[in-house]
Amino acid sequence: MDHEISLTRHHVHSNIGDQRARSCAELFYVLLHRNVTHAEFYFLLLETLCLPMVLSTFSHYSFFHMAANMYVLWSFSSSIVSLLGQEQFMAVYLSAGVISTFTSYLYKTGTGRLGASLGASGAIMAVLAAVCSKMPDAKLAIILLPMFTFTASSALKAIIAMDTAGLILGWRFFDHAAHLGGALFGIWYIFHGHELIWKNREPLVKVWHDLRNKGPGTGGNGPS
């Protein structure tokens with residue numbers, strides 16, 4: 001019996017999706033049965049949920065999976081950085097990675113299809129959706145079919161429609177839940193999130209820019 005229990009535990013711990021579900025259950029158990037401070041809560045949240053979902057954004061199933069994602073990210077990187085700036089882009093990208101992965105785990109848990117959610121595609125979908133929402137009339141093309149062009153808004157609608165269909169029909173080739181979570185976050189951030197979140201942090205970013213722009217050897221006084 002002990003041997004069977006050991007094998008069962010090994011199987012559960014080897015499945016990343018089951019690990020995440022177990023971590024969520026443990027977190028909620030602690031919150032229900034202990035009086036935790038705000039600091040303890042945020043630490044538990046970061047250690048148990050957020051950090052693994054950030055790291056999964058940088059993990060991929062294969063080299064081709066990573067190469068395809070990085071090509072799409074590179075294609076939109078100059079546009080999103082020009083829109084948001086380096087710091088805001090990094091904050092949005094990492095946040096989108098957490099939100100898209102969490103959306104994927106919610107869908108997999110709800111449908112009983114537990115499994116790993118790896119890759120940057122959810123975060124990249126947020127970048128793509130943000131650029132397409134901000135520049136809807138921009139012309140895009142597919143790498144192998146450059147003669148066919150379409151607007152950014154049409155591309156975004158088509159991608160969302162495809163991922164919605166994949167979610168409803170249970171397609172498993174892509175992580176459609178992560179794609180939709182990332183895309184919806186990107187759209188929300190462009191229209192609402194920037195004003196609600198980043199505007200409140202601009203004074204801190206300005207201080208960082210001032211410190212970064214001070215040249216070396218100036219003794220903290222900046223260029224004369």
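By class, the lining of the largest pocket has 28 nonpolar, 14 polar and 5 charged residues. Keep in mind that this is a predicted model.

Let me stay with that pocket. It holds about 1700 Å³ of space. Its lining counts 47 residues. Which of them lie nearest the centre? Those are Asn69, Val72, Ser121, Phe174 and His179.

Now the elements behind the lining. At least two residues each come from α4 (63-84), α5, α6, β1 (139-142), α7 (152-169) and α8 (176-196). Which helix gives the most? That is α4, with 8 residues.

On to the packing. Two packed helices are described by the angle between their axes and the distance between the axes.

Pair one: α5, residues 86-111, and α6, residues 121-134. Their axes come within 7 Å and cross at roughly 130°. The two helices are therefore oblique to each other. The crossing of α5 and α6 is right-handed. On the α5 side, the contact uses Phe89, Tyr93, Ala96, Gly97 and Ser100. On the α6 side, look at Gly122, Ala123, Ile124, Ala126 and Val127. This contact of α5 with α6 has 7 nonpolar and 3 polar residues, and no charged ones.

Pair two: α6 and α7. Here the axes come within 8 Å, and the crossing is at roughly 140°. That angle makes α6 oblique to α7. What is the hand of this crossing, left or right? α6 passes α7 in a left-handed crossing. From α6, the contact takes Met125, Leu128, Ala129, Cys132 and Ser133. From α7 come Ala152, Leu156, Ile159 and Asp163. Sorted by class, the contact of α6 with α7 has 7 nonpolar, 1 polar and 1 charged.

The crossing of α7 and α8 is left-handed. α7 brings Leu156, Ile160, Met162, Asp163, Thr164, Gly166 and Leu167. They meet His176, Ala177, His179, Leu180, Ala183 and Ile187 in α8. The class count for α7 with α8 is 8 nonpolar, 4 polar and 1 charged.

Definitions and conventions: Residues numbered from 1 in each chain as written. Predicted model: local features only at pLDDT ≥ 70, side-chain atom pairs only at ≥ 80, totals over all residues. Heavy atoms only, no water. Axes fitted to C-alpha atoms, helices over the stretch in contact; angles between N-to-C directions. Helix = DSSP H or I, 4+ residues; strand = E, 2+ residues; numbered from the N terminus. Parallel < 35°, antiparallel > 145°, perpendicular 65-115°, else oblique. Left-handed = near helix turned anticlockwise from the far one by under 90°. Contact = heavy atoms within 4.5 Å. Nonpolar A, V, L, I, M, F, W, Y, C, P; charged D, E, K, R; others polar. 1 Å grid on protein atoms, 1.4 Å probe; cavity = no way out; pocket = protein on both sides within 12 Å on 5 of 7 lines; lining within 4 Å. Points joined across faces, edges and corners; volume = space filled by probe spheres on them.
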